[in-house]
Amino acid sequence: TKWYFNMENSKKIRKRGRPKTLDKDTLLNVAMFCYWKKGPGNISVNEICKTAKISKPGLYREFGGEDGLMRSVLVNYEHKIFEPILKMLESDRPFRNSLEDLISFITNVDDCQDNPKGCLLVKMRESQLGLGKETQIQINIAKRHALKKYENWIERSKEKGEFNMTISSRFAALYIDAQVSSALSQLARGEKGSEVKKILSMAFSVFLHE
């Protein structure tokens, strides 16, 4: 799995002309790409409708408005993009190897300018106060889910004797989340993946000291 979204299918759909209806999954993928690439506060519902070739009333009937659309887009993003990262942490690989996998996965960015950079969830978290209530609730749910996955990973690593720092698993999870978010923000700003990888590796090196 790559840390970016391939829009080829959506591009092919848009080339076929304006359909009378657009299936929900395709609309979510198009909207996800738009919000991810431009940022949730930098694109309007009208622009999304134009890109997806769907009427604004049709979008509102399906999602109830921009807040409902954005919340659904975030759920879609979690399922298709973010969950594979968290799944990696459930493997039986040694902590050091899993940590290296996490760093590599996050910083393995695609050079194609058409693909969005960074992380949609992080972008939404950074502008959370300006978003709708439903979206804010979903952002908090996603954050708690990620923190729990990180915490469980640390707990298992402690049980195997692979994590020896005398800090709580909760604090370690918060630290991981902060470093991952920072790295993804750097990537979204266009910083080189190789440089971000060095920074993230240094930040996580505290966990590897015996």
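Here is a walk through this structure, from the overall fold down to single residues.

Keep in mind from the start that this is a predicted model. The protein chain has 210 residues, and 44% of them count as buried. What kinds of elements make up the protein chain? There are 10 helices and 0 strands, so if you follow the chain from the N terminus on, the pattern reads α-α-α-α-α-α-α-α-α-α. How do these pieces touch one another along the sequence? Take the contacts between residues at least 6 apart in sequence: 71% of them join residues at least 24 apart.

Let's look at how some of the helices pack. Two packed helices are described by the angle between their axes and the distance between the axes. Start with helix α8, residues 133-159, and its partner α9. Their axes come within 8 Å and cross at roughly 125 degrees. An angle like that makes α8 and α9 oblique to each other, and α8 passes α9 in a right-handed crossing. Which residues make the contact? On the α8 side you'll find Lys143, Leu147, Tyr150, Glu151, Trp153, Ile154, Glu155 and Lys158, and on the α9 side Ser169, Arg170, Ala172, Ala173, Leu174, Ile176, Asp177 and Val180.

Alanine 173 sits in helix α9, and at 0% relative accessibility it counts as buried, because buried means under 20%. What does alanine 173 touch once residues up to four places away in sequence are set aside? The answer is Leu147, Tyr150 and Glu151, each of which is also listed on the α8 side of the helix contact. As for tyrosine 150, it is 23 residues from alanine 173 along the chain, yet their C-alpha atoms are separated by 5.0 Å.

Stay in α9, which covers residues 169-188, and move along to serine 181. Is serine 181 buried or exposed? At 14% relative accessibility, serine 181 counts as buried. The side chain of serine 181 reaches the backbone oxygen of aspartate 177 at 2.9 Å. Apart from residues up to four places away in sequence, serine 181 touches Val122 and Arg125.

Serine 157 has a relative accessible area of 2%, so it is buried. Leaving aside neighbours within four places in sequence, serine 157 is in contact with Phe95, Glu162 and Phe163.

The next helix pair is α6, residues 95-107, and α10, residues 193-204. These two pack at an angle of about 150 degrees, with their axes 9 Å apart. Angles over 145 degrees count as roughly antiparallel, which is why α6 and α10 are described that way. The crossing of α6 and α10 is right-handed. From α6, the contact is made by Leu99, Leu102, Ile103, Ser104, Ile106 and Thr107, while α10 brings in Gly193, Val196, Lys197, Leu200, Ser201 and Phe204.

Valine 75 takes us to helix α5, which spans residues 66-88. With a relative accessible area of 34%, valine 75 is partly exposed. How far apart are valine 75 and alanine 142? In sequence they are 67 residues apart, but in space the distance is 8.5 Å, C-alpha to C-alpha.

The loops have something to show as well. Most residues other than glycine have a negative phi, and most peptide bonds are trans. Where does lysine 53 lie? You'll find it in the loop between α3 (45-52) and α4 (56-63). The relative accessible area of lysine 53 is 28%, so this residue is partly exposed.

Last come the cysteines. A disulfide is a covalent bond between the sulfur atoms of two cysteines. How many disulfides does the structure hold? The count is 0. Two cysteines to look up are cysteine 34 and cysteine 49: cysteine 34 counts as buried at 7% relative accessibility, and cysteine 49 is buried too, with a relative accessible area of 6%.

Note on methods: Residues numbered from 1 in each chain as written. Predicted model: local features only at pLDDT ≥ 70, side-chain atom pairs only at ≥ 80, totals over all residues. Heavy atoms only, no water. Disulfide = S-S within 2.5 Å. Buried < 20%, exposed > 50% of the residue type's maximum accessible area, 1.4 Å probe, protein only. Helix = DSSP H or I, 4+ residues; strand = E, 2+ residues; numbered from the N terminus. Polar contact = N/O pair within 3.5 Å; in protein donor to acceptor, adjacent residues only side chain to side chain. Contact = heavy atoms within 4.5 Å. Axes fitted to C-alpha atoms, helices over the stretch in contact; angles between N-to-C directions. Parallel < 35°, antiparallel > 145°, perpendicular 65-115°, else oblique. Left-handed = near helix turned anticlockwise from the far one by under 90°.
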